[in-house]
Amino acid sequence: MHKQLLGPSITFFPQPTTLVSTIDATGKINIMTASWVAMVSKTPPTLAVSLHHLRQSYANIREQGEFVVNVVPADLVLAADYCGLRSGKEIDKLAVTGLTTVRATKVAAPLIAECPLNLECRLTLEVPLGDYRLLLAEVVEVQATASAIDAHGDLSANSFDPLVYLGGIREYWSLGEKRATAYKDGLQLEKP
Ligand SMILES: Cc1cc2nc3c(=O)[nH]c(=O)nc-3n(C[C@H](O)[C@H](O)[C@H](O)COP(=O)(O)O)c2cc1C
């Protein structure tokens with residue numbers, strides 16, 4: 001297959017679209033869009049989030065050591081994009097987007113009510129990466145909206161409809177159809 005060189009770049013997809021919610025010492029809540037987010041370990045569950053050091057959200061996390069990663073559904077695409085364009089230093093993004101918060105169980109930062117999957121995180125390690133800071137955080141609680149859980153107790157991708165970000169080409173997409181079950185269907189290749 002013929003390939004074209006793109007050079008070193010941040011082109012990489014798909015990525016999740018998340019909103020990181022934080023709180024400062026005065027109790028002021030901020031939310032920001034982050035796609036450089038990944039689950040990177042299992043025991044304990046550990047999330048990696050990379051934030052530019054000038055983000056208000058980074059300042060809040062450094063101060064409080066806690067945050068919530070909220071996975072964004074596709075119908076919140078405009079709110080998610082807005083929260084990636086404006087800083088909490090100047091704007092109350094909750095007021096502009098109309099998003100609402102509810103208390104988390106284990107951390108002071110709140111959940112975003114309209115996001116069906118919320119991971120409560122406690123900062124464990126920070127790694128400087130140029131202008132960015134790679135934050136490793138233990139996931140101390142996960143909450144899911146009850147209506148996004150199907151009859152088998154599984155998070156239903158259809159009702160959840162997570163928003164996908166294509167890094168490098170700056171586009172948001174929805175998921176397509178389910179294609180297979182992971183850790184299982186690949187074994188079909190071993191069948192005679
Ligand atoms: C789709 C999208 C993804 C983004 N992902 C990140 C990210 O992973 N890390 C980061 O530092 N900034 C990211 N940004 C930029 C921040 O969301 C943006 O600078 C925001 O205004 C920071 O807000 P704050 O200063 O209130 O924390 C992203 C923006 C968009 C639109």
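Predicted model: local features only at pLDDT ≥ 70, side-chain atom pairs only at ≥ 80, totals over all residues.

Residues are numbered from 1 along each chain as its sequence is written. Helices (H or I, at least four residues) and strands (E, at least two) are DSSP runs, numbered from the N terminus. Two strands pair if DSSP finds at least two bridges between them.

**A three-stranded sheet**

Now look for an open sheet of three strands, ordered E1-E11-E12, with antiparallel pairing. Strand E1 (12-16) and strand E12 (171-174) each have a single partner strand, so one side of each has no neighbour in the sheet. From one strand to the next, the twist averages 35° (axes are lines fitted to C-alpha atoms, for helices over the stretch in contact, and angles run from 0 to 180 degrees between N-to-C directions). Strand E11 (residues 163-167) pairs with E12 over four bridges, and Tyr165 has Tyr172 in E12 as its bridge partner.

**Around the ligand**

Which residues come nearest to the ligand? Of the 20 residues around it, they are Trp36, Ser57, Gly84, Ser87 and Gly88. (A residue is near a molecule or strand if its C-beta atom, placed from the backbone, lies within 6 Å of it.) Strand E3 (29-34), strand E5 (46-52) and helix H1 (56-64) each supply at least two residues of the shell, and E3 gives the largest share, four residues. By class, the shell has five nonpolar, eleven polar and four charged residues. Here Ala, Val, Leu, Ile, Met, Phe, Trp, Tyr, Cys and Pro count as nonpolar, Asp, Glu, Lys and Arg as charged, and the others, Gly among them, as polar.

A residue is buried if 20 or more other C-beta atoms lie within 10 Å of its own, exposed if 12 or fewer, and partly exposed in between, with C-beta atoms placed from the backbone. A nonpolar core is a set of buried Ala, Val, Leu, Ile, Met, Phe, Trp, Tyr and Cys residues joined through C-beta atoms within 7 Å. The largest one has 35 residues, of which Leu19, Val20, Val49, Val68, Val69 and Cys121 touch the most other members. E6 gives the most to this core, with four residues. In soluble globular proteins, nonpolar side chains tend to be buried together.

Take Val69: leaving aside its neighbours within four places in sequence, it is in contact (C-beta atoms, placed from the backbone, within 7 Å) with Thr18, Val20, Val37, Leu47, Val49, Leu119 and Cys121.

H1 has its own buried residues, namely Gln56, Ser57, Tyr58, Asn60 and Ile61. They pack against strand E2 (18-23), E3, E5, E6, E9 and E10. Just after H1, Gly65 takes a positive phi of about 75°.

In the loop between E5 and H1 you'll find His53. It is partly exposed, with 13 other C-beta atoms within 10 Å. The C-alpha atoms of His53 and Pro128 are separated by 9.0 Å, though these residues are 75 apart along the chain.

| Residue(s) | Feature | Angle |
|---|---|---|
| Phe13 and Pro14 | cis peptide bond | omega about 5° |
| Thr43 and Pro44 | cis peptide bond | omega about 0° |
| Arg170 | positive phi, not glycine | phi near 55° |
| Tyr183 | positive phi, not glycine | phi about 60° |

Pro14 is found in strand E1, whereas Pro44 is in the loop between strand E4 (37-41) and E5. Arg170 sits in the loop between E11 and E12 and counts as exposed because it has 8 C-beta neighbours inside 10 Å. Tyr183 lies in the segment after E12 and is also exposed, with 6 other C-beta atoms within 10 Å.

Notes:
Contact = placed C-beta atoms within 7 Å.
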